[in-house]
Amino acid sequence: MSRIRMGMVGGGEGAFIGAVHRMAAALDGEIELVCGAFSSDVERSRRSGAALYLPAGRVYGDYRSMMAAEAALPEAQRMQFVAIVTPNHQHFPVAEAALRAGFHVLSDKPATLNLDEALRLRALLAETGLLYGLTHTYTGYPLVKEARARVAAGELGAIRKVVVEYPQGWLADRQEDADNKQAAWRLDPARSGASNCMGDIGVHAANLAEYVSGLAIAEICADLTAFVPGRTLDDDGAMLLRFDNGARGVIWRLPGRFARAKKDNPSAHGLPIALESTRPFVAWHLSSLRSPPVPATSNGMGSSNTELVRRRLRYWE
């Protein structure tokens, strides 16, 4: 059985998420990376392709050339879908070019930079009938799958409240002036979009809140701020949520210095989610992926379980 042929735009030298996509694509052995335009810098793209053992003729200097060249190849050789792992502002232009060239698309989040692009993407998908996928990393973890399955099976009863936290401390100080490529584009509205903190990591928390609970967020009240002087986009935020079943929720990004208070703390980059329901609630902490979920006792939180949940959900202890 032949493998599915994948192309990639972005994800070359100095990039972060491209390698994650390549590892994920390789997990079941059914996807093969066959081509790519790995950087807007032609030489960097070539070096990246060579490091991935791709033939020079399948490594491109830009995504437009890649779409045209791949479409001209025999059907049995050309890529079948493209993974988009560029900064946010290029997600829609690359997706549009791929769809118009007849290729399916798998894009890192967000789908687009703004609502206008999202509406145009929706229309283009309806026009072409091609497949489009949007990736959120954490839905693939076994504990997340287990959490979703338990909720769907009714083990927790009716969901009343969902609380998700996502601490990251790397932007607690000014990194964008220190030749930090990742910080530079994430804090640039033209490349990142309307939000940094919530747009970059808060969406993962929102995605988990809906994915695990099976509910849809209906209303949001958000408080976003930039603590580091000179920043246009938020570096901290919190949200109150209302779900479509009447449940309430909270999403918050822990301030940077708390998140990195202990360098040896495995929870310094964690993503805990807790669900309160008509039955004992369960909490998951994604920094301990081998740990089972933490249940409450049938008559409420027993002392031992309270301590377990407290240790899983708090980072400064």
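**Briefing on a predicted protein model**

Just after helix α6, G154 adopts a positive phi of about 85°. This residue belongs to a predicted model of a protein with 11 helices and 12 strands.

**The protein as a whole**

- The protein has 317 residues, and buried residues make up 45% of them.
- Of the contacts between residues at least 6 apart in sequence, 64% join residues that are at least 24 apart.

**Helix α6**

- Helix α6 covers residues 142-152, and its buried residues are L143, V144, A147 and V151.
- Viewed down the axis of α6, these buried residues fall within an arc of 100°, so they line one face of the helix.
- P142 and A152 are exposed on the other side of α6.

- Most residues other than glycine have a negative phi, and most peptide bonds are trans.
- Y53 is not a glycine, yet it has a positive phi of about 65°.
- Y53 is placed in the loop between α2 (residues 42-51) and α3 (residues 63-72).
- The relative accessible area of Y53 is 77%; because exposed means over 50%, Y53 counts as exposed.
- The peptide bond from K109 to P110 is cis, and its omega is near -5°.
- P110 is found in the loop between β4 (residues 104-108) and α5 (residues 115-128).

**The second largest pocket**

- Rolling a probe the size of a water molecule over the atoms shows where empty space is left.
- The second largest pocket has a volume of about 450 Å³.
- Its lining consists of 17 residues, and V20, H21, M23, A24 and L27 are those that lie nearest the centre of the pocket.
- Both α1 (residues 17-26) and β3 (residues 81-85) supply at least two residues of this lining.
- Helix α1 gives the most to the lining of the second largest pocket, with 5 residues.
- By residue class, the lining of this pocket divides into 12 nonpolar residues, 5 polar residues and no charged residues.

Key
Residues numbered from 1 in each chain as written. Predicted model: local features only at pLDDT ≥ 70, side-chain atom pairs only at ≥ 80, totals over all residues. Heavy atoms only, no water. Buried < 20%, exposed > 50% of the residue type's maximum accessible area, 1.4 Å probe, protein only. Helix = DSSP H or I, 4+ residues; strand = E, 2+ residues; numbered from the N terminus. Arc of directions from axis to C-beta. 1 Å grid on protein atoms, 1.4 Å probe; cavity = no way out; pocket = protein on both sides within 12 Å on 5 of 7 lines; lining within 4 Å. Points joined across faces, edges and corners; volume = space filled by probe spheres on them. Nonpolar A, V, L, I, M, F, W, Y, C, P; charged D, E, K, R; others polar. Contact = heavy atoms within 4.5 Å.
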